[in-house]
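The following report is meant for a reader who is meeting this structure for the first time. It goes through a pair of helices and then the sheets.

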Amino acid sequence: MANQDILIVDDEIGIRELLSEILLDEGYSVALAENAEAARQYRNQGEPRLVLLDIWMPDTDGVTLLKEWARNGQLTMPVVMMSGHATVDTAVEATRIGALDFLEKPIGLQKLLATVKRAFSQPANAVKPTQGLQSLGNSTAINSLREALDQVASQTLPITLTGEPGSGFETCARHLTRPNTPFISPSSNEELALPPQDILNRATGGTIFVRDIAWLDRKAQAGLLNLLPKLEKYKIRLVTASSRPLDQLINQCEPELVRQLTQIIIAVPPLRAHAEDVAALAEALLAQTVSSNKLGPRRFSKSALQLLSQQEWPGNIDQLANVVKSLAITGRDGDIDILPVSRLLTQLSPNSQEATLGVAPQAMPLPQIDLDLPLREARDQFERFYLERQIELSNGNMSRVAERIGLERTHLYRKLKQLGIQMPRKQRATEEQ
């Protein structure tokens, strides 16, 4: 049997060793985690084929970790819960969140193997990342947004979402869509300008979402007006979004259309209004990118997450997602530290435009050292940033780096190896010759 990767998460060493021994004998490959934090680190570095997750653990209980993975879009693999004294309600809740099955301790051999076999028989990608408002964050601002959306979920009137581009309009519209019903979003003005029967048939019983009414031309506006009287007959909810203030819409759209669309208005906060979500969102987006692109293990350092959290993000969550994806795909295995993050953010800032015009850009920001770290770890964090910056300034010429920093090359190479810094490929090839 080809090896399969099973992650066993349990704080009892006896349970871990027993399950591991059984599964190894059956030909599976096994990884072990003694608590939720270890399981988080493992999941952030890659995607196991199956997780056996204990419910009662000292740091974080298994159901909470399951919710966290679901919220972060990391529940992409089957998870089987384990417990010796869980209630039926706990098992039901875990199943509702996304757990595949529940094993009661002590776990019988045949029951264990049958459950593992069933998990591996699941179709590829059958477990999908949870989509919803969790993908916007879990802050007070997003919880208030969720409450506002839930309050109008039973209404049949058109709903308009206002805010900045990239702040999560479609996510909110999908939150308002009933499960297992159509979600239709016209991709162009031309599609809205066509006779309405086709779009009505496709959206029957579901939702039509218009991405930004600020960009509709006159024909599309007329087509949307023709749709409005027919929505109730086809049991369709209409959700529109506007990236411009409503007073500007009145000047560029049909007044009657604006009046009908804005009977219910919900504001979607920009990312800077819930900046406390940035670190968790970045980690979730990184895990999704690593998984979908089959990359090696990557994770943000604390200083990198601090720098991301300090940005204004004018493009909001969409911009954050693009930055994280770029860092993941262009980075190396291991920590994504502050240097590549700072370098990319500099390119996206107005300062990069000044540089193209001959204006000296601002100096690279100083690293955000985690002052809660022990002295040695904080020093290593700074030295890693410092040496990576020197390598960049010297265009990868290690002789020049050694000269700039006043360190013999032998000592420099030893320090790079100690800090896990890889030499530029050209320089490494030269050294190996």
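The crossing of H15 and H16 is right-handed, a term used when the near helix is turned clockwise from the far one by less than a right angle, with anticlockwise counting as left-handed. This is a predicted model, in which local features need pLDDT of at least 70 and side-chain atom pairs count only at pLDDT 80 or more, while totals for chains, interfaces and linings use all residues. Residues are numbered from 1 along each chain as its sequence is written, and side-chain values use heavy atoms, leaving out hydrogens and water. Helices (DSSP runs of H or I, at least four residues) and strands (runs of E, at least two) are numbered from the N terminus.

The axes of H15 (residues 316-330) and H16 (residues 338-348) come within 11 Å and cross at roughly 130°; axes are lines fitted to C-alpha atoms, for helices over the stretch in contact, and angles run from 0 to 180 degrees between N-to-C directions. That makes H15 oblique to H16, since angles under 35 degrees count as roughly parallel, over 145 as roughly antiparallel, 65 to 115 as roughly perpendicular and the rest as oblique. Gln319, Val323, Ser326 and Leu327 in H15 meet Pro340, Val341, Leu344 and Leu348 in H16, where contact means heavy atoms within 4.5 Å.

### The sheets

Within it, S1 (residues 5-9) runs parallel to S3 (residues 50-54), joined by 4 bridges, and Val9 stands opposite Leu53 in S3.

Another open sheet of 5 strands, also with parallel pairing, has the order S7-S8-S9-S6-S10. S7 (183-184) and S10 (264-267) have a single partner strand each, so one side of each is left without a neighbour in the sheet. S8 (residues 207-210) pairs with S9 (residues 237-242) in the parallel sense over 4 bridges, with Val210 opposite Thr240 in S9.

Definitions and conventions. Two strands pair if DSSP finds at least two bridges between them.
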